Amino acid sequence: MQRAFDYALAVLLAGALAHSFVFYLSPPLTRPSADDYAEATAFVRGQFQPGDLIDLNPFWATRAREFLGDLPLQQYRRPEREELGPFRRLWLLSLFGAQSRPGLDEGLSRRGRLVDERQFGKIDLRLYALAPEPAPAFDFRAELRRAQVYVTTGALRLNCDFWDRDRWACPGDLAQAVAPVLMEIGGEPREVIWAHPIENGVKVLRWDDVPLDRTLSVRAGLRTAAVLPGAAPVEFSVFIDDLEVARWTFDNAAVWRREEVDTRAQAGSRHQVRFEVAAGRDWVRHFGFAAQVRP
């Protein structure tokens, strides 16, 4: 019995030592040095061009922000799945062997081609030239100031008609403002319009005279931190000239929903486009959406 106990204790101690090595000793062996960061980020900054995007890989390795945070920079979990159309080139700055994750290089190679690869100590740096995509004909987030924003509760309408620097201020607390924000949705940072619903009412964002083209591309979701049990669903609707073309219900799931609304029948003409957000209760209903007219 004593031998069995001693053997089990030895196995436990060996496991503890292995755990200590992995979590306390191995990181210094694989972590980039200060010189690695300085050299890699100096190279990126020296070669950076308008239309470039930097992605930090893996998403939680954020120290490079200290050196490059003033440039367009993201921390995507799966950059090969993201919409990279606005950018001409992608700098992939990888640590801890993250550049070898299955599907990463294959996925990015379908979006463009690898044109440069360099090693700066323990930092892997790759530059992809992205395949060109047509620019959006209209971006609702960029044109937020053109919107009419108001809240309806029954027959009552309250206008959000005070433009405060970069947002429309609505009656009530600060959460009711309509603003361009960066929000984590579906596990990734998203550039969206913050459109927090009001309780037992409808928040409306309306753009008149929108030049439609082939597709109205719509993306939306709940902030990751707002995915909570018992919270009310959010109803999101899209209208073109009072015709509802999409309606989604967002329950408590960390999803970034995407849909392409076919607008070829309206292409070449101008129309009203309206988005409506509603919820039975507004508690922690941090909601955001993005939309573009695409050729």
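In what follows, two residues are in contact when they have heavy atoms within 4.5 Å. Keep in mind that this is a predicted model.

Q: What share of the contacts in the chain with a separation of 6 or more comes from residues 24 or more positions apart?
A: Start with the set to look at, which is the contacts in the chain with a separation of 6 or more. Within that set, pick out the residues 24 or more positions apart; they account for 71%.

Q: How many helices and how many strands does the chain have, and what percentage of its residues count as buried?
A: Let's take the two parts in turn. The chain has four helices and 19 strands. A residue counts as buried when its relative accessible area is under 20%. Of the 295 residues, the part that counts as buried is 43%.

Q: Which two residues does the disulfide join?
A: The structure holds one disulfide, so there is a single pair to find, and a disulfide needs sulfur atoms within 2.5 Å. Here the S to S distance is 2.0 Å, and the partners are cysteine 160 and cysteine 170.

Q: How many residues apart in sequence are the parts that this pair ties together?
A: Cysteine 160 sits in the loop between β8 and β9, while cysteine 170 sits in the loop between β10 and β11. Both cysteines are buried. Because the two belong to these separate loops, the pair ties together parts whose distance in sequence is 10 residues.

Q: Which strand gives the most residues to the lining of the largest pocket?
A: This pocket has a volume of about 860 Å³. Among the residues closest to its centre are Glu191, Gln292 and Arg294. At least two lining residues each come from β2, β12, β14 and β19. With four residues, the strand that gives the most is β19.

Q: How many charged residues are in the lining of the largest pocket?
A: The lining is made up of 33 residues. Sorted by class, 17 are nonpolar and four are polar, and the number of charged ones is 12.

Q: Is arginine 81 buried or exposed?
A: Arginine 81 is found in the loop between β2 and β3. Its relative accessibility is 56%. The cut-off is over 50%, so arginine 81 counts as exposed.

Q: Which residues is arginine 81 in contact with, leaving aside its neighbours within four places in sequence?
A: Distance in sequence and distance in space are separate things to check. Arginine 81 and leucine 108, for example, are 27 residues apart in sequence and 8.4 Å apart in space, C-alpha to C-alpha. With the neighbours within four places set aside, the contacts of arginine 81 are Arg111 and Arg258.

Technical notes
Residues are numbered from 1 along each chain as its sequence is written. This is a predicted model: local features need pLDDT of at least 70, side-chain atom pairs count only at pLDDT 80 or more; totals for chains, interfaces and linings use all residues. Side-chain values use heavy atoms; hydrogens and water are left out. Buried means under 20% relative accessible area, exposed over 50%, partly exposed in between (1.4 Å probe, protein chains only). On a 1 Å grid over the protein atoms alone, a cavity is a set of points where a 1.4 Å probe fits but cannot get out, and a pocket is an open set with protein on both sides within 12 Å along at least five of seven lines; lining residues have an atom within 4 Å of a point. Grid points are joined across faces, edges and corners, and a volume is the space filled by probe spheres set on the points. Ala, Val, Leu, Ile, Met, Phe, Trp, Tyr, Cys and Pro count as nonpolar, Asp, Glu, Lys and Arg as charged, and the others, Gly among them, as polar.
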